[in-house]
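Keep the structure open while you read.

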Amino acid sequence: MSPETPLVVVTGLPDAALVAVALAERLGCAYVSLAEIEDELAVEAEDTPRSWLRLDAEPEIVRRLTELAGVAVLDLAVEPPLEPERVTALVRRWWDDVVEVRCQAPGLRYDGLGAARTVVLDASRPLAVGEIAAVVRRETATHRRITHDR
């Protein structure tokens, strides 16, 4: 994934992981999950605290994203949520090209990453993945036009 490739980052709770998987399938793009990488690391280090596995998983996220071509969906739906500063540091090379899909529900306080392009979902009601994908496609298509015009 080049630094100029759009990166869709799915954050928040609840159901953000389900949204990320469905969105990647609908967009036909790569899917990278922090929780899945933590699970992979836990196989070799089952007594390691989850918070340590999370720290070990972060460089692996960057490595996997770097190897991809085209749009990717990054699932950061973990409990407790990563601090926004950690996430922005994690995806710094793609930051100008991030589209955040933030899942929120009433009563859950989460301000998100502060990405310039953010789609906020009310996760307390049924979500239409097709509609979310259409919004993300518009954002990434706009990005591509801007990138080519530079």
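Which residues does Ile61 touch, not counting residues up to four places away in sequence? This is a predicted model, and in it Ile61 touches Val32, Leu34, Ile37, Leu74, Leu76 and Leu90.

**The cores**

Ile61 belongs to the largest nonpolar core, a group of 21 residues. Along with Leu7, Leu65, Leu74, Leu76 and Val91, Ile61 is one of the residues that touch the most other members of that core. H3 makes the largest contribution, with 3 residues. There is also a second, separate core, this one of 20 residues, and its members include Val10, Val73, Val101 and Ala123. As a rule, nonpolar side chains in soluble globular proteins tend to be buried together.

**Strand S4 and its partners**

Now look at S4, residues 98-104. Of its 7 residues, 6 are buried, so the strand is largely enclosed by the rest of the structure. S4 runs parallel to S1, and 6 bridges join the two. S4 also pairs with strand S5 (residues 117-122), again in the parallel sense and over 6 bridges.

**Two arginines to click on**

Is Arg54 buried or exposed? Arg54 sits in helix H3, and its relative accessibility is 13%, under the 20% cut-off, so this residue counts as buried. Its side chain makes a polar contact of 3.2 Å with the side chain of Glu38.

Arg93 is found in the loop between H4 and S4. Its relative accessibility of 44% falls between the 20% and 50% cut-offs, which means it counts as partly exposed. The side chain of Arg93 has a polar contact of 2.7 Å with that of Thr66. Arg93 also gives you a look at how the chain folds back: Arg93 and Thr5 are 88 residues apart in sequence, with their C-alpha atoms 10.0 Å apart in space.

| Side chain | Partner side chain | Polar contact |
|---|---|---|
| Arg54 | Glu38 | 3.2 Å |
| Arg93 | Thr66 | 2.7 Å |

Conventions
Residues are numbered from 1 along each chain as its sequence is written. This is a predicted model: local features need pLDDT of at least 70, side-chain atom pairs count only at pLDDT 80 or more; totals for chains, interfaces and linings use all residues. Side-chain values use heavy atoms; hydrogens and water are left out. A nonpolar core is a set of buried Ala, Val, Leu, Ile, Met, Phe, Trp, Tyr and Cys residues joined through side-chain atoms within 4.5 Å. Buried means under 20% relative accessible area, exposed over 50%, partly exposed in between (1.4 Å probe, protein chains only). Helices (H or I, at least four residues) and strands (E, at least two) are DSSP runs, numbered from the N terminus. Contact means heavy atoms within 4.5 Å. Two strands pair if DSSP finds at least two bridges between them. A polar contact is a pair of N or O atoms within 3.5 Å; within protein, one must be able to donate a hydrogen and the other to accept it, and residues adjacent in sequence count only if both atoms are side-chain atoms.
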